[in-house]
Amino acid sequence: MTQKISLTRYLVEQQRDHGHIPSQLRLLLEVVARCCKTISHAVNKGDLGEVMGSAESENVQGEVQKKLDIIANDVLIEANEWGGHLAAMASEEMEGIHVVPNRYPQGEYLLLFDPLDGSSNIDINVSIGTIFSVLKKPDGDAGVSEKDFLQKGSNQVAAGYCVYGPQTTLVLTVGDGVAMFTLDREQGSFVLTDENVCIPEDTKEFAINMSNMRHWDEPVKRYIDECLAGKTGVRKKDFNMRWIASMVAEVHRILSRGGIFMYPWDKREPEKPGKLRLMYEANPMSWLIEQAGGVATNGKMRILDIQPKTLHERVSVILGAKNEVERLTSYHT
Ligand code: AHG
Ligand code: MN
Ligand code: MN
């Protein structure tokens with residue numbers, strides 16, 4: 001029988017053999033994984049638990065919060081406060097940063113998360129997830145402030161997500177490729193099920209919310225028109241389309257079988273650079289995509305090279321198969 005490799009063993013071996021994971025970071029990743037297990041159990045309860053429906057409150061971006069948005073946020077905050085691995089946390093669901101209370105030791109890492117991605121899918125039993133990104137607190141000041149978080153995505157030291165779908169799968173990078181771990185509910189642990197994830201350079205599958213078509217910019221219109229023209233058009237092949245409305249589930253599909261995902265800037269709210277959030281959605285997903293051989297841009301530049309100005313900054317996102325993302329990016333120039 002082939003031996004199962006748990007997330008714990010994977011992290012220990014990465015630390016020992018490659019020196020990628022200092023012990024504070026290993027603890028941090030173990031704690032995040034434990035939170036994902038807890039959130040997964042809450043998600044699975046559905047109508048049997050007090051987890052469904054609206055919380056009747058709004059987050060800082062004016063979005064109505066679901067009960068699970070708040071439950072997932074609380075789980076991540078509480079579990080990560082006391083271990084001594086973190087200096088502070090930032091979340092889609094909190095306006096400011098959450099500094100580790102001074103009754104606990106302060107660590108050297110910063111954790112950012114979208115506690116529950118794909119909130120509109122919670123109540124209809126469709127895949128949702130948790131996205132996280134880890135930065136190192138810059139050396140220097142004793143305290144920690146929002147400014148410490150405003151680092152380019154290329155500074156991330158770990159990033160990942162957990163998708164709560166037919167299976168619960170944790171997907172992780174520490175800068176040495178992408179590994180996937182499936183939750184074994186009998187054992188209560190994440191087990192390595194895929195390593196060296198690789199996105200094919202070409203694809204026939206795209207993901208975009210087509211209902212926004214009339215608001216798109218010219219390059220995006222052109223790209224999608226060419227896909228829709230199929231075999232008889234310039235692309236000379238038929239395309240297929242998917243839209244789950246959970247970025248986590250779309251990225252998981254792309255890491256599993258390829259494709260391109262777009263949530264571009266559009267004319268609905270022209271002052272907003274996009275819908276998705278740079279620091280806790282686009283950056284971690286872009287790093288995972290790059291680590292699997294794909295590309296992620298905002299149409300003009302690599303997402304990981306964008307210097308954030310604010311914590312909840314939004315960004316236009318095009319990511320996935322190398323040749324497709326490069327084609328659409330070239331239409332912007
Ligand atoms: P969240 O639930 O964290 O607010 O994120 C939802 C995001 C993303 O996951 C998804 O790709 C997109 O919003 C869906 O937006 P539309 O409903 O506009 O298609
Ligand atoms: Mn989200
Ligand atoms: Mn969310």
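How far is an oxygen atom of ligand 1 from an N or O atom in the side chain of Glu92? In this model, which is predicted, the distance is 3.1 Å. I shall begin with the surroundings of this ligand and then turn to the pocket and to one helix.

The side chain of Trp243 places an N or O atom 3.0 Å from an oxygen atom of ligand 1. Met247 takes part through its backbone, where a polar atom lies 2.7 Å from an oxygen atom of the ligand. Around ligand 1 there are 17 residues, and those that come nearest are Asp117, Ser119, Asn209, Met247 and Tyr263.

Let me now move to the largest pocket, whose volume is about 460 Å³. Its lining is made up of 26 residues, with Gly118, Ser119, Ala245, Lys275 and Arg277 closest to the centre. Two or more lining residues come from each of strands β2 (64–66), β5 (109–117), β13 (260–263) and β14 (276–277), and from helix α6 (247–257). By class, the lining has 11 charged, eight nonpolar and seven polar residues. Domain 1 (7–195) and domain 2 (205–332) each supply at least three residues to this lining.

Finally, I turn to helix α2, which covers residues 23–45. How far apart should its ends be? At 1.5 Å a residue, its 23 residues should span 33 Å, and the C-alpha atoms at its ends are 34 Å apart, so the two values agree. Just after α2 comes Gly46, with a positive phi of about 50 degrees.

Key: Residues numbered from 1 in each chain as written. Chains lettered and ligands numbered in written order. Predicted model: local features only at pLDDT ≥ 70, side-chain atom pairs only at ≥ 80, totals over all residues. Heavy atoms only, no water. Helix = DSSP H or I, 4+ residues; strand = E, 2+ residues; numbered from the N terminus. Expected span 1.5 Å × (residues − 1). 1 Å grid on protein atoms, 1.4 Å probe; cavity = no way out; pocket = protein on both sides within 12 Å on 5 of 7 lines; lining within 4 Å. Points joined across faces, edges and corners; volume = space filled by probe spheres on them. Nonpolar A, V, L, I, M, F, W, Y, C, P; charged D, E, K, R; others polar. Domains from an automatic or database assignment. Near = heavy atom within 4 Å. Polar contact = N/O pair within 3.5 Å; in protein donor to acceptor, adjacent residues only side chain to side chain.
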